[in-house]
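Here is a guided walk through one protein model. Keep the structure open as you read.

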Amino acid sequence: MFEQLGRYQIQELIGEGSMAEVYKAYDPEIGRTLAVKVLKPEWCVDEDYLGRFMREAKAAGAFSHPNIVTVYDVGQVDNRPYIVIELIDGTPLGDSIQPGTPMPLDRVLAIGIQLADALHYAHDRGVVHRDVKPNNILLLPDGKTIKIADFGIAHIDDPDAAQKTQVGTVLGTPQYMSPEQVMGQKVDGRSDLFSVGVILYLLCSGQKPFDSNTMATLLFKITQEEPPPITQVAPDLPAGVQHIIGKLIAKAPERRFQSGHDLARALRRELRAIEEYAESGERPRIIPLRIRWALLSTIIVAVTMAVAIYFIEAKQKQELTDFAIDSGVSLVKFIATETAVPVLGEEWVAIEIFVNEAIRGQSFEYLSVLDHQGVIKGSSDPAQLGKVYAPPESATRVYDRDGVVVNEVGLSGETPVLEFDAPILFSDKEVGRVHLGVVQTSLQAVADTTRTLFIILGAVTVLAVGLVSYGLAQLLSRPIRTLRVSLQEISKGNFDCRISENRNDELGLVFAEFNQMAEALGDQNEPYTEAPEA
């Protein structure tokens with residue numbers, strides 16, 4: 001173990017790989033703790049490996065990106081080169097991977113976005129990492145932030161540099177390499193994106209897309225065989241994420257994402273989608289448009305009708321009650337006038353005859369005539385004669401004008417009764433009182449009938465609106481179905497598919513745009529040949 005490398009004081013060995021040892025060190029000049037990566041002695045005699053190690057410093061030394069490990073310095077002691085790098089408080093991403101256990105999708109997408117951004121930054125500066133794998137990705141303590149390390153075998157696009165890889169020489173970790181890298185062909189940034197696709201596949205499914213016990217079989221699978229579809233190993237993965245991973249691990253580079261920027265944009269779109277799903281509580285279920293429209297229209301009309309019926313009924317009840325009060329006040333005043341003389345003369349027999357005649361054929365609940373002392377002298381209920389009048393309990397006053405008081409009481413069970421209390425006057429002097437109870441059965445019957453008619457009208461209206469909305473939505477579903485079938489044909493490679501229906505509305509514009517898209521795709525691809533029937 002070293003005690004000193006240049007000005008850096010070595011404290012302890014913190015890591016070791018196949019090519020280098022990593023030490024924790026201290027820089028006394030700036031008071032910073034950092035890491036020093038030293039090439040192992042057995043590689044220092046090989047100019048090729050020595051060159052690759054030094055290229056890590058050249059490739060990453062000029063980088064300044066939050067997701068790439070920073071290189072501070074480079075040097076050499078006793079023919080052993082070293083690189084001074086940022087000391088990361090983190091662990092390799094590979095340590096967080098449990099075989100067969102997928103990582104939460106939001107974490108996977110966050111990691112993928114950072115990888116895509118960092119690699120785009122490096123590719124934009126002519127550097128291809130060529131060894132993107134979980135152990136070269138450091139996961140910070142927050143569990144989401146990553147930093148890419150080890151550009152030790154990076155290829156720099158420098159026409160003046162002699163960095164030609166010999167034919168058959170493979171650099172990188174085989175399970176994460178692109179087909180072109182396995183075959184020793186020229187690689188570019190799309191090779192790194194293939195490696196990102198393998199990592200995302202592993203994180204989302206818990207298993208590697210390419211795996212074997214022998215190197216030869218592994219390399220054959222990478223170059224010649226398709227991996228198990230991500231839909232098979234991670235069926236619950238959103239379709240957008242499945243498409244992204246499938247595109248990343250395509251054999252041909254031209255079929256992959258062409259830049260880290262494009263990949264990051266696609267991943268951010270998927271991350272936004274799952275965040276929106278999380279906020280809504282669950283993914284929306286597919287409800288046919290015709291059903292949704294019919295239900296929505298029916299609910300709106302039903303609520304509108306219910307509110308309208310409520311207010312109309314309340315208004316009608318108030319109008320009927322006011323009419324009953326006006327009629328009752330007039331009637332009780334008339335009775336008070338007609339009984340004034342008999343009451344003054346204490347002609348109680350005449351009062352009895354008048355009361356009996358007044359209630360005959362009328363819907364009066366009761367009629368009582370009182371003398372000036374409040375004793376009942378005439379009543380529709382003979383048992384009340386001679387008793388002091390006792391006002392009903394739980395009476396609610398609804399009218400009080402010109403000496404006439406109207407109370408609403410519940411003497412007849414659920415049917416309310418209006419009690420009219422009027423003075424009997426003779427020469428403006430009160431000589432007695434009249435109490436008339438009028439049952440509101442007829443008014444309640446009118447209100448019930450009106451309510452029933454409104455409910456029937458509302459039900460018929462709601463049903464009609466629901467049926468009409470369903471029919472209109474059904475008409476709209478037909479062109480949507482036409483567009484859907486046409487898109488399915490395009491997905492099969494039938495670029496000759498066209499929508500012939502002419503419409504003078506927004507759907508017609510969509511159909512025209514579809515036909516233009518199919519025309520453009522047809523110009524870019526081979527003619528469609530339908531597979532023969534079995």
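Helices (H or I, at least four residues) and strands (E, at least two) are DSSP runs, numbered from the N terminus. The model is predicted: local features need pLDDT of at least 70, side-chain atom pairs count only at pLDDT 80 or more, and totals for chains, interfaces and linings use all residues. Residues are numbered from 1 along each chain as its sequence is written, and side-chain values use heavy atoms, with hydrogens and water left out.

Two strands pair if DSSP finds at least two bridges between them. Strand 4 (residues 32–39) and strand 6 (residues 80–85) share 4 bridges in the antiparallel sense. A35 stands opposite I85 in strand 6.

Next, go to helix 8 (residues 239–248), where A239 lies. A239 counts as exposed because its relative accessibility is 59%. Exposed means over 50% relative accessible area, buried under 20%, partly exposed in between (1.4 Å probe, protein chains only). The C-alpha atom of A239 is 9.5 Å from that of E270, 31 residues apart along the chain.

I291, L295, I299, V303, V307, Y310, F311 and Y470 make a nonpolar patch of about 790 Å². Helix 10 (residues 289–338) gives the most to this patch, with 7 residues. L295 lies in helix 10. Like charges are joined within 9 Å, nonpolar side chains (Val, Leu, Ile, Met, Phe, Trp, Tyr) within 5 Å. Accessible areas come from the Shrake-Rupley method with a 1.4 Å probe; for residues, only the protein chains shown count as cover.

Note on methods: Patch = residues over 30% accessible without salt bridge, like charges linked within 9 Å, V, L, I, M, F, W, Y side chains within 5 Å. Salt bridge = Lys/Arg side-chain N within 4 Å of Asp/Glu carboxyl O.
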